[in-house]
Amino acid sequence: MNPTLNRFTRWDTAVLLGCLLGVLPASAFPPAPHHTLYGMVRNQYGEPLNITLGEVFLETASGSPLRCQIVEGLGDGFNYRLEVPMDSGTVPGLYKPTALLPATAFRLKVQIGQTTYLPMEMVGNLARIGEPALQTRLDLTLGVDSDGDGLPDAWEQAVIAVHGGTLASIKPDGDGDGDGISNLAEYLAGTSAFDPTDGFRLTLIDVGSGATTLEFLTMPRRTYTIHGSTDLAQWKPVKFTLASEPAGSPLRADFYSNEVVLLRVSVPFEEGTSNRFFKAKLE
């Protein structure tokens, strides 16, 4: 008798017997792959938080919170990431108190020191957790939005102090300084909504020497990427170098800014492409 074959035969029989008795194999045990929640936590002026002791937490039905720290530069355009245990729902009851089922309602809160904040996005709103092994982006803003337009009152009051008006008159799609950039885009970019010379723009500086040179203004604690297209319909990320870096420096996919700086980048020509358009994206 082949002993190896005999061992496999006994294992197969045990699994079959377990199924006949109603015992689930290990792969069907209630835990399911985590669902990931991630995003950017900003203050009332649109600035990404870099608070060392800041935490994002999710309150579960059991009262046991799931927590993660706010970490500056954690990833491209996000500063928190929360891994949520998911239950497969194959048997009654959750496999542990902090586990959730798909489509369960939840709220995220932010704690800084001893103070707990309910972000604007969570006021009067319960989000729904997604499916196991997937991820959901949910950006959080700490502030009051009394007119519910997505712009914090504190940021709108700063605009009103210069241009006048009321909270109701400062619209997300408005353009108080007439620079062609909406109020919402100015808020997210961290640029001034009352100075037409201060905005997020991509400027073509030069085409030659095997690369296209572009320039744009960066703001602290934000990540920037460059996207290219040949037809203005299909866009894809392109790699680049900083003009200030030595020749032959490795190409990078993004740039994380720590300061306000006029950044100049070089995008190498793509072989077989005679014409390309570019746009910059910030997160």
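1. Lys236, Glu270 and Arg276 are joined to one another in a network of salt bridges. The model is a predicted one, and the structure holds seven salt bridges. Three further pairs are described in the next points.

2. Glu55 and Arg67 form a salt bridge through their side chains, with an N to O distance of 2.9 Å. Because Glu55 belongs to strand S3 (residues 54-59) and Arg67 to strand S4 (residues 65-69), the pair ties together parts that are 12 residues apart in sequence. Glu55 counts as partly exposed, at 23% relative accessibility. Arg67 is likewise partly exposed, its relative accessibility being 40%.

3. A salt bridge also connects Arg264 with Glu215, and the closest N and O atoms are 2.8 Å apart. This pair links distant parts of the chain, since Arg264 is in strand S18 (residues 261-268) and Glu215 is in strand S13, 49 residues apart. What is the relative accessibility of Arg264, and is the residue buried or partly exposed? Arg264 has a value of 37% and counts as partly exposed. Glu215, at 14% relative accessibility, counts as buried, because the cut-off for that class is under 20%.

4. Glu245 and Arg252 make a salt bridge whose closest N and O atoms are 2.5 Å apart. Glu245 is partly exposed at 24% relative accessibility, and Arg252 is partly exposed with a relative accessible area of 25%.

5. Strands S12, S13, S18 and S16 form an open sheet of four strands in the order S12-S13-S18-S16, and the pairing is antiparallel. Why is one side of S12 and one side of strand S16 (241-242) left without a neighbour in the sheet? These two strands stand at the edges and each has a single partner strand, so one side of each has no neighbour there.

6. The pairing of S12 with strand S13 (residues 211-218) is antiparallel and runs over five bridges. Within it, Leu204 stands opposite Leu214 in S13, and Asp206 has Thr213 in S13 as its bridge partner. The two strands form a hairpin with two residues between them. In the turn, Ser209 has a positive phi of about 55°.

7. Together with Val207 and Phe269, Leu204 makes a nonpolar surface patch of about 310 Å².

8. The largest nonpolar core has 23 residues, and Val41, Val56, Leu58, Val84 and Leu108 touch the most other members. Two or more residues of this core come from each of strand S1 (31-39), S3, S4, strand S5 (80-87) and strand S7 (108-112). Which of these elements gives the most to the core? S5 does, with four residues.

9. With its neighbours within four places in sequence left aside, Leu58 is in contact with Leu37, Ser64, Pro65, Leu66, Leu82, Val84, Leu100, Phe106, Arg107 and Leu108. A second, separate core consists of 16 residues, among them Phe216, Ile226, Val238 and Ala280.

10. Some values for the whole chain complete the note. The secondary structure comprises three helices and 19 strands. The chain has 283 residues, of which 36% count as buried. Of the contacts between residues at least 6 apart in sequence, 59% join residues at least 24 apart. The accessible surface of the chain comes to about 15,600 Å², and 56% of this area belongs to carbon and sulfur atoms.

Note on methods:
Residues are numbered from 1 along each chain as its sequence is written. This is a predicted model: local features need pLDDT of at least 70, side-chain atom pairs count only at pLDDT 80 or more; totals for chains, interfaces and linings use all residues. Side-chain values use heavy atoms; hydrogens and water are left out. Patches are made of residues with over 30% relative accessible area and no salt bridge: like charges are joined within 9 Å, nonpolar side chains (Val, Leu, Ile, Met, Phe, Trp, Tyr) within 5 Å. Accessible areas come from the Shrake-Rupley method with a 1.4 Å probe; for residues, only the protein chains shown count as cover. A salt bridge is a side-chain nitrogen of Lys or Arg within 4 Å of a carboxyl oxygen of Asp or Glu. Buried means under 20% relative accessible area, exposed over 50%, partly exposed in between (1.4 Å probe, protein chains only). Contact means heavy atoms within 4.5 Å. Two strands pair if DSSP finds at least two bridges between them. A nonpolar core is a set of buried Ala, Val, Leu, Ile, Met, Phe, Trp, Tyr and Cys residues joined through side-chain atoms within 4.5 Å.
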